[in-house]
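Here is a short briefing on a protein fold. Look over the sequence and the structure first, then read the notes below.

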Amino acid sequence: MKKNPRILIVRSKYNDTKDMETMAHSVFDGNEENQEFEYFTIVVDGAFEIPVTIAKNINKFDGFIAIGIIIKGETTNFSLISQAITNGLMQLSISSKKPIGNAVLTCLTKKQAKERMFKGEEAAKAVINVL
């Protein structure tokens with residue numbers, strides 16, 4: 001692994017995602033290999049802005065974590081947005097050959113989202129493993 005990898009966390013401000021970011025930080029601060037990481041956070045309005053924000057910063061960082069929560073409403077917007085974000089993140093990861101930990105939750109209720117806050121930690125660990 002590269003010395004002091006630089007990680008960018010891109011987090012949507014909607015639906016209370018701060019705890020997921022905190023869990024990602026804890027992985028970088030206390031990782032088992034005592035590897036030091038430089039990590040930074042950019043907060044965007046919604047989850048739809050996450051892929052483009054990563055794309056704008058793709059050459060500045062070694063890995064990325066996408067954090068957002070999409071709660072299903074009464075329209076098909078939920079499915080369209082979720083699929084577009086997932087496709088965008090996957091395309092960026094493959095084309096740049098850089099890991100992007102996907103912690104963009106797609107949930108039916110806020111309760112489901114709250115039960116999945118650990119996904120920020122999982123995404124951070126996934127990025128470390130790929131690096």
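**Helix 1 and its buried face**

In helix 1, the buried residues are M20, E21, A24, H25, V27 and F28. Seen down the axis of helix 1, these buried residues fall within an arc of 155°, so they line one face of the helix. Buried means under 20% relative accessible area, exposed means over 50%, and partly exposed lies in between (1.4 Å probe, protein chains only). The arc is that of the directions from the helix axis to the C-beta atoms.

This is a predicted model: local features need pLDDT of at least 70, side-chain atom pairs count only at pLDDT 80 or more, and totals for chains, interfaces and linings use all residues. Residues are numbered from 1 along each chain as its sequence is written, and side-chain values use heavy atoms, with hydrogens and water left out.

**More on helix 1**

- Helices (H or I, at least four residues) and strands (E, at least two) are DSSP runs, numbered from the N terminus.
- Helix 1 covers residues 18-29, and its 12 residues reach 16 Å from first C-alpha to last. That is close to the 16 Å expected at 1.5 Å a residue. The expected span is 1.5 Å times one less than the number of residues.
- An α-helix has 3.6 residues a turn, so residues three or four places apart point the same way.
- The cover over the buried residues of helix 1 includes strand 1, strand 2, strand 3, strand 4 (100-107) and helix 5 (119-130). Contact means heavy atoms within 4.5 Å.

- H25 is found in helix 1. H25 is buried, at a relative accessible area of 19%.
- Which residues does H25 touch, leaving aside its neighbours within four places in sequence? H25 is in contact with I9, Y39 and T41.
- M23 also lies in helix 1. M23 counts as partly exposed, at 26% relative accessibility.
- Leaving aside neighbours within four places in sequence, M23 is in contact with M117, F118 and E121.
- M23 and M117 are 94 residues apart in sequence, yet 8.1 Å apart in space, C-alpha to C-alpha.

**Strands**

- Why is strand 1 (residues 6-12) largely enclosed by the rest of the structure? Six of its seven residues are buried.
- Strand 1 pairs with strand 2 (residues 38-44) in the parallel sense, over seven bridges. Two strands pair if DSSP finds at least two bridges between them.
- L8 has F40 as its bridge partner in strand 2.
- Strand 1 and strand 3 (residues 63-71) run parallel and are joined by five bridges. V10 has A66 as its bridge partner in strand 3.

**Helix 5**

- The 12 residues of helix 5 should span 16 Å at 1.5 Å a residue, and the end C-alpha atoms are 16 Å apart, which agrees.
- G120, A123, A124, V127 and I128 are buried in helix 5. Down the axis of helix 5, its buried residues fall within an arc of 140°, so they line one face of the helix.
- The face turned away from the buried side of helix 5 carries the exposed residues N129 and V130.
- Strand 1, helix 1, strand 3 and strand 4 are among what covers the buried residues of helix 5.

**Rings**

- Rings of Phe, Tyr and Trp (its six-membered ring) pair if their centres lie within 6.5 Å; planes under 30 degrees apart count as stacked, over 60 as edge-to-face and the rest as tilted.
- By this rule there are four aromatic pairs. The ring centres of F28 and F37 are 5.0 Å apart with planes at 50°, so the pair is tilted.
- F28 and F37 are both buried. Ring pairs link F28, F37 and Y39 into a cluster.
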